[in-house]
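Here's a quick tour of some salt bridges. Have a look at the fold first, then read on.

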Amino acid sequence: CACQRVDERKPAEGGEAGLTVVTQFPAYTGELVNPFIGNLAWADDTDEHEQPFTLVYANMTWAQIEPEEGVYAFEAFEEAMHVDMWRDQCKHMVLRFVMDIPGDRAHADLPAWLMEKTQGRAYSCEYGQGYCPDYTDETLIQAHERVIQALAQRYDGDPFVAYVELGSLGHWGEWHVHEDAGNMPLEEVRDRYAQAYLDAFDSTFLMMRRPFRFAAAHQLGLYNDTAGRKSSTETWLGWIDNGGVYDVTGEEDALSPMPDGWKDAPVGGELATSMEPEEMLRGEQLATTLDLFERSHASWIGPGSFKDVERGGEDQPALDALMSRIGYRIRVPQAAVTLEESGAVSLTLTFTNDGIAPFYFDWQPCVRLIDAQGTAQVLSLDLSLPDLLPGEAVSVKIELPQETRTADVGIVDPATGEPGVQLAMQAEHEGNWYRVMRLER
């Protein structure tokens, strides 16, 4: 424990002098492995990885999930993605529904029954081979609404599913189509696909590939699938800052400025495939990588990520520097115990976030109070973590029961009832309960 205690006198409430004991906790700058942030791994990949991760990623193709009309194969999908195993390991999932994944052989990612009812065409282009549907087909649009409803009925509000990306359109669900494969629809049609998600999902974060006007209007999150590459990420950041033309269709003002969007909804995305992950961590490129991710206010990276960078190898210090900036880093820099005029004792905790993004989920900051007999009482604190923005400090005050001897602080996972976040502070701790006060009476 590297805490420092400072005794100071200050006026207590009511104007009388009261003793306040302030304990300061230095920041911890080392590795933290926390939920909803950091590297992703593919959900169907159970191999060991070099770096820790708390998120897994899954593509869900329409052919896979609805092999027969109205018959959904969620159990088979979850078995293929090892969902039970990841749940047991307290991982969370990023999910993307897709209609078209180019591959090295002729195939279709739409179910056969739907292809019989709709228009589209097989293609072979530099991306690979596949089948591009006609996204303006009314039958396709209505079927898409139904399958997204089914998806939401299965996963909306499930704490295992952290983020749902609005895939659906384009190759890999990235909202672009190669000119030799097909066409992207115009905004009016695109918005119908996006609206299907908005109508179906009430509790899960939704994310879009670009800052479309739809994303801005509904405060959706964003993902960048060329993260770490300077030219493409600068373009993506330019869209976020200024909006502009959707180059795939040439529509003016189809993209909207969302410079503060990260304050309300998460940002993520995978690494560009044009560079090896290690290249992004070396030499002058490291400064560029840090800058791009910080300006993106990214919370997570994947499924193309740094998960297989050699643990403890030459690139580990650079990766540690990057990962210490991704997402949130919450701590309590100071705890103050005050003897009030009434004789009561109060505890004031100051919270701050040293990261580049909020903690977006409605987990509850709590204190655990333990009395002389060792009986513990857990109290919720009046603090909303999503509102704790980077660089801000918020103080919360509670009155302590008379028999209190020690106080610990933690962020409780509602799914488990136990604290699930490592705090970025140097303090004595038991699991994820961090000791902020000890009284001798």
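Is Arg295 buried, partly exposed or exposed? Arg295 is partly exposed, at a relative accessible area of 35% (buried is under 20%, exposed over 50%, partly exposed in between, using a 1.4 Å probe and protein chains only). Keep in mind that this is a predicted model, where local features need pLDDT of at least 70, side-chain atom pairs count only at pLDDT 80 or more, and totals for chains, interfaces and linings use all residues. Residues are numbered from 1 along each chain as its sequence is written, and side-chain values use heavy atoms, with hydrogens and water left out.

**Overall count**
- The structure has 25 salt bridges (a side-chain nitrogen of Lys or Arg within 4 Å of a carboxyl oxygen of Asp or Glu).

**Within a helix**
- Arg295 pairs up with Asp291 in a salt bridge, 2.8 Å from N to O.
- The two sit four residues apart in helix α9 (residues 284-296), about one helical turn; helices here are DSSP runs (H or I, at least four residues) and strands are too (E, at least two), numbered from the N terminus.
- Asp291 is partly exposed as well, at 31%.

**Between strands**
- Asp408 and Arg368 form a salt bridge at 2.8 Å, N to O.
- Asp408 is in strand β20 (residues 404-413) and Arg368 in strand β17 (residues 364-371), so this pair ties together parts 40 residues apart in sequence.
- Both Asp408 and Arg368 are buried.

**Network**
- Shared partners link Lys230, Glu234, Asp291 and Arg295 into one salt-bridge network.
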